[in-house]
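Please consult the sequence and the structure while reading.

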Amino acid sequence: MIRVLSGIQPSGELHLGNYVGALRQWVAFQDEYDAFYCVVDLHALTLELAPEDLRARTFDAACSLLAAGLDPDRCTLFCQSHVPEHPRLAWLLECTATMGELNRMTQFKDKSTRQEAVRVGLFTYPVLMAADILAYHAGAVPVGDDQRQHLELARELAQRFNNRYGETFTVPEAVVPAFGGRVMDLQHPRRKMSKSVDSPLGTVQVLDSPQEIARKVRKAVTDTDGDVRYDPGDKPGLANLLDLMAAATGQRPEDVAGKYTRYGDLKADLAEALVEMLRPLRERYDAYSADRGAVEAVLAGGAERAREVAAATYARAAGAIGLLPPA
Ligand code: TYM
C-alpha cells in the first residue's frame, strides 16, 4: 500500500484554501493509502507566535483535522514535535542540501521580507519538510499548489542522498487537486489566501458561521465588466470564485461559468455550496475541542505509530551516512 504524508502549520486558523487545497484530499486518501498526517508545530516556530498561542493553535488544528473527517482508525494523526526523528533526520538532510537551492525557494524569499531579523529556521524550513516526508517513505504528498517547489526539493534531496549513500529514501510525488489547488484571497485575488496575512474579509475560515461565509463571498472583489467567463489572467477574482465552485461541486470552472450570466447569482450559489461543504466540520468541531483528553489520546497514539516508522528510517539513514550506531 502506498504511503502518504502531509502536514499543516498551526500558525493560524485553518482556512478555505487549506481545506480545498489539502484537507479534503487527506480525508479521501485515508481509504486508499496508508496515511500519515501531522500538525507541524516545529515549522510554526519559524514565525513569531506566543508560546501559549502556539500550544492552543496546535490543539485547535488537531480538532479541526478530526472534525474535517480524519479518523484515527484509518490514518495516523500526530504532532510533529512528538516525533524527534523529524529534526534529527532534517540535520542529515541539511548536510545534503546546498545554500544555493534553499536560496531559490520562493516562499523563503516572500516570507523573509516580512521578518526584520530573518530566522535561520525560516531558511532551512523546506529541509525539515523534506524530512517529514522522507521519514515515512511517502510516495504521495497531498498539498496545495504553493508547496510544489518544496516537494521538488524533497525529491532532489532523496535522490541525492540515495545516489551518495545507497538506496535509503522513497522519492515522493506531490498530489495537487485539479481545481482549488490555489485558492486566492477574496479581497486581493492576485494573492494567495493565507494564514499569515491579515485579511479578515478576504479569508474564509473553516469555522466561520454560514452568515460570515455568505458575507465574505458577497463582498468578494471581482471586476466591473459583468461578463461571466473563466479567465484567470484578466479576471482573477471571478476565476477564483469559479474555481471554488468547481472544487465544491466537481465541475470544470469553464462549465460553471457557462451556467451564469450574473456575478450575484454565482456568489449566492457559491456561498451556499461552501456553507454545505464546511457544515460537517463546523458541527463536529465543538465536540472535539470540548474533549481535550480524547484528542490528546489520538495524538499520543499517532505519535507512537509514527515514531516506529520514523525511527527505523532515521537509523537506516544515519547508518548509510556513516554515523557510528549506538552500542
Ligand atoms: P500550510 O500550513 O501553509 O498549508 C497546509 C496545506 O494547505 C495548502 N494551502 C492552500 N491550498 C490552496 N490554496 C491556498 N490558498 C492554500 N494555502 C495553503 C498548502 O499547500 C498545504 O498543503 N510547508 C507546509 C506544511 C508542511 C508539509 C510538510 C506539507 C510541513 N511539512 C510535509 C506536506 C508534507 C505548509 O506550510 O502548509
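Q: How many residues surround the ligand?
A: A residue is counted as near if one of its heavy atoms lies within 4 Å of the molecule. The closest are Tyr125, Asp132, Asp146, Val183 and Lys195. This is a predicted model, in which local features need pLDDT of at least 70, side-chain atom pairs count only at pLDDT 80 or more, and totals for chains, interfaces and linings use all residues. Residues are numbered from 1 along each chain as its sequence is written, side-chain values use heavy atoms, and hydrogens and water are left out; the number surrounding the ligand is 28.

Q: How do the residues of the shell around the ligand divide into nonpolar, polar and charged?
A: Ala, Val, Leu, Ile, Met, Phe, Trp, Tyr, Cys and Pro count as nonpolar, Asp, Glu, Lys and Arg as charged, and the others, Gly among them, as polar. On this basis the shell holds 11 nonpolar, 12 polar and 5 charged residues.

Q: Which residue has a polar side-chain atom 2.6 Å from an oxygen atom of the ligand?
A: A polar contact is a pair of N or O atoms within 3.5 Å. An oxygen atom of the ligand lies 2.8 Å from a polar backbone atom of glutamine 9, and one is 3.1 Å from a side-chain N or O atom of asparagine 18. The residue at 2.6 Å, through a polar side-chain atom, is tyrosine 125.

Notes
Polar contact = N/O pair within 3.5 Å; in protein donor to acceptor, adjacent residues only side chain to side chain.
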